[in-house]
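Student: Let's go through the strand pairing in this model, one question at a time.

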Amino acid sequence: MASNFLKSIEDKLRYLLEERLDRLVFPGVSSSLSYTLIDLIQKKIDEQVDEETIQMPDLILLKVSPDRWDAWQESLPLFEEVSQALAESWTESGYGFKTNPVIQLLQSPDLVGNKLEVNIAYTPDEITSKQTLLQKITRKTSSDSIPKEACLIVNDQEPILLSKPIIKIGRRSSSDIVLEDPMVSRDHIQLRADNGRFILFDLDSKGGTLVNGYPGHNVALKPGDVIRIGNTSLIYTHHVDHPTSNTTRVISGELG
């Protein structure tokens, strides 16, 4: 069943990615990426013993070279469609997953040109609930607690590096990230670093805060989370350490 199912997913991925991704990034990337994703998903399935409780990977990490970052950024709306298609396919075929699949883009200085590193994984158990959970900061906030390579992508623009343990975001001119959005409060949200993660706090804003479409007042952020305040969209990301395994693949853009 799994092989036929994955073949149908590969066909769907190619249908979604073909031409659009090739046009934005480089020719041939859609077929290479589709094949690689299916191959890595198959390996994740093969690692699981109980076929009745197979969990599909819900985190896809795409590491790209800095010189191709702008081109890949233009593909973010397309990847949202791909994520939704994967979630629907998982559900229709009776497979489980912790959260809706997320495709996360990361820059890697180790990659050049059109090379692409693909990794699939599972989101940690403590951050899989769709409901907003109250998070407690158990230690003093310091620079040591800042997640590695943490950044925010505001309205699909250049990433803003989060290099301070406390980040204030709003319309106020003294904010760390100033948003010129009339629907955003002067002091809208605050991010506080805690043990290698950022916690988002809504500062009693008038319009409220959405995280992945759900109201968020006190939320531990994970890579790929989409924050919505006013008319502004912010995508959060940070470096995720994964052990080297056969679920990582480097695709070269030098296609023969």
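Student: Which residue in E8 stands opposite Ile169?

Tutor: This is a predicted model, where local features need pLDDT of at least 70, side-chain atom pairs count only at pLDDT 80 or more, and totals for chains, interfaces and linings use all residues. Residues are numbered from 1 along each chain as its sequence is written, and side-chain values use heavy atoms, without hydrogens and water. Strands are DSSP runs (E, at least two residues), numbered from the N terminus, and two of them pair if DSSP finds at least two bridges between them. E6 (residues 166–170) and E8 (residues 189–193) pair antiparallel over 4 bridges, and opposite Ile169 stands Ile189.

Student: In E7, what is the bridge partner of Gly170?

Tutor: E6 and E7 (residues 177–178) run parallel, joined by 2 bridges. The partner of Gly170 in E7 is Val178.

Student: How many residues of E9 (residues 198–202) are buried?

Tutor: Buried means under 20% relative accessible area (1.4 Å probe, protein chains only). In a regular strand, side chains alternate between the two faces of the sheet. Phe198, Leu200 and Asp202 cover one side and Ile199 and Phe201 the other, all buried. E9 is therefore largely enclosed by the rest of the structure, its buried count being 5 of the 5.

Student: Which residue in E12 is the bridge partner of Phe201?

Tutor: E9 pairs antiparallel with E12 (residues 218–220) over 3 bridges. The partner of Phe201 there is Asn218.

Terms used. Buried < 20%, exposed > 50% of the residue type's maximum accessible area, 1.4 Å probe, protein only.
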